[in-house]
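Biologist: I'd like to learn how to read a model like this one. Could you walk me through it?

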Amino acid sequence: MAIKILTEHINVPGIESFDVYRKQGGYTAVEKAIKTMTPDAIVEEVKKAGVRGRGGAGFPMGMKWSFLAKPEGVPRYLVCNADESEPGTFKDHYLMKNIPHLLIEGMIISSFALGANKSFIYVRGELMYVIHILEKAIAEAKAKGFLGKNILGSGYDLELVVQPGGGAYICGEETALLESLEGKRGNPRNKPPFPAVKGLYQSPTVVNNVESIATTAWIVNNGGDAYAAVGIGRSTGTKLISASGHINKPGVYEIELGVPVEDFIYADEWCGGIRTGHKFKALVAGGSSVPILPANLALTLANGEKRLMSYESLSDGGFATGTMLGSGGFIVFDETSCIVRNTWNFSRFYHHESCGQCSPCREGTGWMEKVLHRIEYGHGHQQDIDLLVDVSKKIEGNTICPLGDAAAWPVASAIRHFRDEFQWHIDHPSEATQPGAVYKGEMALV
Amino acid sequence: MEDVKPQLVKVTIDGIEVEVEPGTTILQAARKIGPAVAPPAMCYYQPLKGSGGKCRACLVRVAAGSAKDPRPMPKLVASCLTAVQDGMVVENETNPQVIDARNGIVEFLLLNHPLDCPVCDQAGECDLQNFAFDHGKVTTRYEEDRRTFEKQDIGPYIQLHMTRCILCYRCVFTADQITNKRVHGVLGRGDASEIGTYIEKAIDNDFSGNVIDVCPVGALTDKTYRFKNRVWFTKPVDAHRDCPTCSGKVTLWYRGEDVIRVTARKNEWNEVEEFICNTCRFDKKKTSDWTIEGPTKVSRSSVISANKYRADTIKPSFGQRLAAAEYKPIHDERDTSQLDIQQLPPERFAKVLPSAMEPEP
Ligand SMILES: Cc1cc2nc3c(=O)[nH]c(=O)nc-3n(C[C@H](O)[C@H](O)[C@H](O)COP(=O)(O)O)c2cc1C
Ligand code: SF4
Ligand code: SF4
Ligand code: FES
């Protein structure tokens, strides 16, 4: 039986309530942490565990915590990023609505470790019902003495605030999130200073993803070494994967990092194979912003070895033949999918979600969307493919926040691996614009 | 008590060394060297706290982070916000990647910007026009519709033409920091963002007129001056008056005997150093209102400075030679003998900075 660190009890009836969660061993980690451990000892365990940020960037959580500045007399904050808006990613939603107390427990432990007395959970605004679930869970935990003043008689106080977002993807970027929390327009900040030095209200702040924070309960209970023993290499532990697209069993799966991509797609335990009667064409492995891969490269590395579900293996080969684990938004495409249309669709998203602060992203995302639109609708020009590549290059790396990169990568990678398909749209507009038409030329279907 | 001077740090920008105080930004260090190596800035505005970082016009490459850690920085950085370190080596016009990125920025800024300088009030003193002249191309690859807006009167003195706005946020910072109440801001997001007052409201307080001076383009213009003249036909003169509200130090813009416009004084970088009040700006348009100091020292960025747009005044640098190469195609179509850089004596290009485009002899 594969190890489950986050979702072991997720199917227990009533687990969203405090009592059932408690009966399953819930809040023992809070008791252990607050009664028997020092904040530094907790940070040490998290470091040992080697958990990497599950929000997309994969930055080691323990290291982030140890960078937190601790000037005298200045409050420190922990902010949980629950804005989850990346197309293809829906794991935090799943965790919060089913087992809210796991996040609350993680928040208490993490806040205690960081010395924060007021912590925030910034939830994607569209998920109002999840916000109610979290608020109920917080009220329960407070009633039982796990939150509020003098937690478990330790003298430690913690207030947890749930803040709904206003419906902007960009507010998932950590500094835009902080601006939004402060009640301002959600524009990402220029860095440095980083949040660890000047974050919320100019105070030292840690921002972590829901899934990252939720791991801390298990780490406190079982130790950092036990966590690090799970997974593969520097990809320790388990990861929630939001699997969607043309597979038999879409859903959220907790996997031990290091499972081969092939097994994840085809095993009955997980995706259950490409939808019956169809072939595997392409994969977006980590949310809409990571480079798309053709089926053959998704399953095997350039050297022929099996590609694994881990940070290192997915990015093996750089962008030439690799991609990224990102936030774990795993989108599978079969041979009925039009890559041009899909790229346009992603591009439309980034155009719509750009905050508009910096010129390459504000103007470039719209431009790419329009060019992709005209290719898809049969009005493409010969030079459009090169134009798209050039525009994506002029955005990439030149913006304030990574949304610019996130908009550029899907376009650049789709052209890198599926150029013929774009060319076909330009050369055969009347054929390509027939309803349901897809490119049938040479490609590696599996 | 002894004056403790901070230890100066040494930076090299485009092969030229300069010493500055710790904490200085790359852009300010480059400005200290002079206009030849100062990166263009479309959003940064020294007097406005928090400005910068948005337009990305000032991107440079840091070839060595510091003497202690000489690794290059992985991405181009915004020079207006990046502080120098001792021993830092910066490439500005000498790096083709930087030139290429700036090319891209001009193109992006012009995508949704009308190309009708002949009917724009800002022409001749427009940062975007200058930037495009220095780093732009003569053709456009954009064929879609541009976003357009109706002109909007925001109060009795100021007109907003959002179509020309490049969203530098300077006017927002100005209203925050110079006036006692900001009533406008950026609404919407992405390329649908716009400067506005939400419910149409007048921007009206003693210092509101300064937003006109800080606007790098023709998006915010002076209604008392709009279309009265072209800036290159006017003569700027420094003057002052005893003003109870502001410093009273201004530039008067004359056409013949008439003062047709009053603005704050701008420095070499086109930045206002002392903001002025609306009374000085809009109500005092008679020579007798003022004590005349003398002709304004015209900054390099003004079209009034002789031959601003003549190609042979171009500084011999990598970027300009690249630009010169770009000019070639238009020779077939138009008489551009003025622009004929090829005919410049070769000595002009002799002392160029190390070029990454051409192989060493
Ligand atoms: C445009 C953009 C959107 C993002 N959205 C999210 C998000 O919805 N949830 C999230 O956890 N991180 C998101 N991130 C990443 C955060 O900036 C940040 O890296 C993360 O919250 C840090 O937590 P972690 O270290 O636990 O992953 C986003 C980043 C960018 C650039
Ligand atoms: S990259 Fe895009 S989203 Fe990020 S700050 Fe710039 S304009 Fe805003
Ligand atoms: S109106 Fe002018 S100053 Fe204001 S943001 Fe637009 S370009 Fe900048
Ligand atoms: S001047 Fe530096 S980014 Fe605009």
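**Reading the model, feature by feature**

Modeller: Let's start with the shell around ligand 3: by class, it has 12 nonpolar residues, no polar ones and no charged ones. Keep in mind that this is a predicted model.

Biologist: Which residues are around ligand 3?

Modeller: Cysteines B:Cys165, B:Cys168, B:Cys171 and B:Cys215 are among them. The list also includes B:Tyr169, B:Ile195 and B:Pro216.

Biologist: Now the sheet in chain B: in what order do the five strands come?

Modeller: The order is S2-S1-S5-S3-S4, in an open sheet with mixed pairing. S2 (16-20) and S4 (77-78) of chain B each have a single partner strand, so one side of each has no neighbour in the sheet.

Biologist: What packs on the sheet?

Modeller: Helix H1 (residues 26-33) of chain B does, touching S1, S2, S3, S4 and S5 of that chain. Its direction makes about 115° with that of S2(B). Helix H2 (residues 96-111) of chain B lies across S3 and S5, at about 165° to S3(B).

Biologist: How do S3 and S5 of chain B run, parallel or antiparallel?

Modeller: They run antiparallel, joined by three bridges. One pairing to look at is B:Ala64 with its bridge partner B:Val89 in S5(B).

Biologist: Where in chain B is confidence lowest, and where is it highest?

Modeller: It is lowest in helix H7 (residues 318-327), at a mean pLDDT of 50, and highest in S4(B), at 98. Over residues 326-361 of chain B, pLDDT stays under 50. For the complex, the predictor gives an ipTM of 0.93 and a pTM of 0.91.

Note on methods:
Residues are numbered from 1 along each chain as its sequence is written. Chains are lettered from A and ligands numbered from 1 in the order in which they are written. This is a predicted model: local features need pLDDT of at least 70, side-chain atom pairs count only at pLDDT 80 or more; totals for chains, interfaces and linings use all residues. Side-chain values use heavy atoms; hydrogens and water are left out. Two strands pair if DSSP finds at least two bridges between them. Helices (H or I, at least four residues) and strands (E, at least two) are DSSP runs, numbered from the N terminus. Contact means heavy atoms within 4.5 Å. Axes are lines fitted to C-alpha atoms, for helices over the stretch in contact, and angles run from 0 to 180 degrees between N-to-C directions. A residue is near a molecule or strand if one of its heavy atoms lies within 4 Å of it. Ala, Val, Leu, Ile, Met, Phe, Trp, Tyr, Cys and Pro count as nonpolar, Asp, Glu, Lys and Arg as charged, and the others, Gly among them, as polar. pLDDT is the predictor's confidence in each residue, from 0 to 100.
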